[in-house]
Amino acid sequence: MNDAAIDYAEVFQALPGAVALLTPGLVFADANKEFLRVAGRTREQVVGRHLFDVFPDNPKESGVSGMRNLAASLQRVAATGERDAMALQRYDVEDPERPGEWEERYWSPVNAPLAGPDGQVVLLVHRVEEVTELIRARGGPTGSRGRVLEAELYTRARELQELNERLRQAHAREREVALALQEAMLPARRQVGHHNAAVRYRPAVGALNVCGDWYDLVDLVGGHRIGVAVGDVVGHGLEAAGVMGQLRSALSAASRVAAGPAEALNVLGRYAHVVDGAESATAVTTFIDFDRHTISYSSAGHLPPVLVHPDGRVEFLDQATDPPLDARPDPLPRPQACTPYGEGATLVLYTDGLVERRGEDIDTGLARLAGSLARHREKDPESLADAVLLELLPPGGATDDTALVIVRL
């Protein structure tokens, strides 16, 4: 349906809430049926007249400030162009059938601007919800502070409910975009497949918890060698995903020209120093030499890779661990270690979402990982990855992202 087919005047009249349109001078431009009903006025009594001529202050109640508060809110919206949700207001209304007789009424107003093509406010949208009956239904003397506070909580709860729904929708959209961005920046499956490797990425549960975990596999120059790396960026959402992409790309490029993994991390650390959001990021990279049957590795604050030997022995590669990226103002050369492996061994790199649990020592999680890898070591990389995730991740999903890379050597 196009705009031409919609009668917006009828839509305005049919709105279930009480809504009026005011000029910046506070003159009624229009009011819908619900507004006229709760106000006890006809359209002819309202449109074209000043707000406070139609609804003057109650002269019998000098301590009531509803009119002053409403005027201040509307003027603020007109001047700033920003929406204003007011606190609960007592604003008495004169009985149109009995001049001089005033009804005690309570309202929850929200005022919003409507801008013209030049950006200037041309109309004020004044929406009110009457809560007088709620206050009366709770018993006690009319106007008691307890009932006013209760009604205030009721109306604010409805405002918060609407706000939370908008936030949930926004966070869901951000999560979808971050996941798509993250997936686009990670290596394609076909790049991984010819290395007899398996990769897995599991986002954290919850709309706000898309993080910056990443992995990479890259063919190295000279001999039959590949580089395998994982990393973790502190933070959540699109910002973390963006930083992750920069660091992964930088390490991938550095690995292709570096003499070893330590040199690659040296380059990455200097690059991270000028990337906003890369503070405290961690990474570990390994260079696998299939001709020499060796693994060279270096870690920048990351959990150690695991080497599962064909006989079931599990070795944590933790002899070359250094602080996280950008941890030092003047980076020092990072350590590097090398270990041999036998035909049929398995190299496993992972991020902390796989092993860390709240209130549990990290060694417990590492032992759990070692046991799972030893039990399932004879499975192919794809099946092994599935088995490890099934055993180690909580049934409802982890509260942190998980990246997992398994390479059969």
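In the predicted model, Ser 299 is located in strand 13, which covers residues 294-300. With a relative accessibility of 2%, Ser 299 falls under the 20% limit and therefore counts as buried. Beyond the neighbours within four places in sequence, the contacts of Ser 299 are Leu 265, Ala 283, Val 284, Ala 320, Thr 321, Asp 322 and Arg 334. The loop between strand 12 (282-289) and strand 13 contains His 293. Most residues other than glycine have a negative phi. His 293, by contrast, has a positive phi, near 55°. The relative accessible area of His 293 is 26%, so this residue is partly exposed.

A positive phi, of about 70°, is also found at Leu 26, again not a glycine. Leu 26 belongs to the loop between strand 1 and strand 2. At 5% relative accessibility, Leu 26 is classed as buried. Leu 26 is one of the residues touched by Leu 51, together with Leu 22, Phe 28, Leu 70 and Leu 74, when residues up to four places away in sequence are not counted.

In soluble globular proteins, nonpolar side chains tend to be buried together. The largest nonpolar core of the model comprises 26 residues, and the most contacts inside this core are made by Phe 28, Phe 35, Leu 51 and Phe 55. At least two residues of the core come from each of strand 1 (18-22), strand 2 (28-31), helix 2 (33-39), helix 4 (51-54), helix 5 (66-80) and strand 8 (121-130). Another core lies apart from this one; its 25 residues include Val 199, Leu 217, Ile 288 and Leu 307. Of these, Leu 217 is part of strand 10 (residues 212-219) and is buried, at 0% relative accessibility. Leu 217 and Ala 229 are separated by 12 residues in sequence, and their C-alpha atoms are 6.6 Å apart in space.

The structure contains 3 aromatic pairs. In one of them, the ring centres of Phe 28 and Phe 55 are 6.2 Å apart and the planes meet at 70°; the pair is edge-to-face because this angle is over 60 degrees. The two residues stand 27 residues apart in the chain, Phe 28 in strand 2 and Phe 55 in the loop between helix 4 and helix 5, and the pair thus links distant parts of the chain. Phe 28 is buried, at 2% relative accessible area, as is Phe 55, at 9%. Phe 35 and Phe 55 make a further edge-to-face pair, with 6.3 Å from centre to centre and 80° between the planes. Because Phe 35 lies in helix 2 and Phe 55 in the loop between helix 4 and helix 5, this pair ties together parts that are 20 residues apart in sequence. Phe 35, like Phe 55, is buried. A single aromatic cluster is formed by Phe 28, Phe 35 and Phe 55.

Helix 12 consists of 12 residues (residues 381-392); at 1.5 Å a residue it should span 16 Å, which agrees with the 16 Å between its end C-alpha atoms. At its N-terminal end, helix 12 is capped by Asp 380, a side-chain oxygen of which lies 3.1 Å from the backbone nitrogen of Glu 382. The buried residues in helix 12 are Pro 381, Leu 384, Ala 385, Ala 387, Val 388, Leu 389 and Leu 392. Among the elements that cover these residues are strand 9 (197-202), strand 18 (346-350), helix 11 (362-375) and strand 19 (402-408).

Technical notes: Residues numbered from 1 in each chain as written. Heavy atoms only, no water. Core = buried A, V, L, I, M, F, W, Y, C linked by side-chain atoms within 4.5 Å. Buried < 20%, exposed > 50% of the residue type's maximum accessible area, 1.4 Å probe, protein only. Helix = DSSP H or I, 4+ residues; strand = E, 2+ residues; numbered from the N terminus. Contact = heavy atoms within 4.5 Å. Phe/Tyr/Trp six-rings, centres within 6.5 Å; stacked < 30°, edge-to-face > 60°. Expected span 1.5 Å × (residues − 1). Polar contact = N/O pair within 3.5 Å; in protein donor to acceptor, adjacent residues only side chain to side chain.
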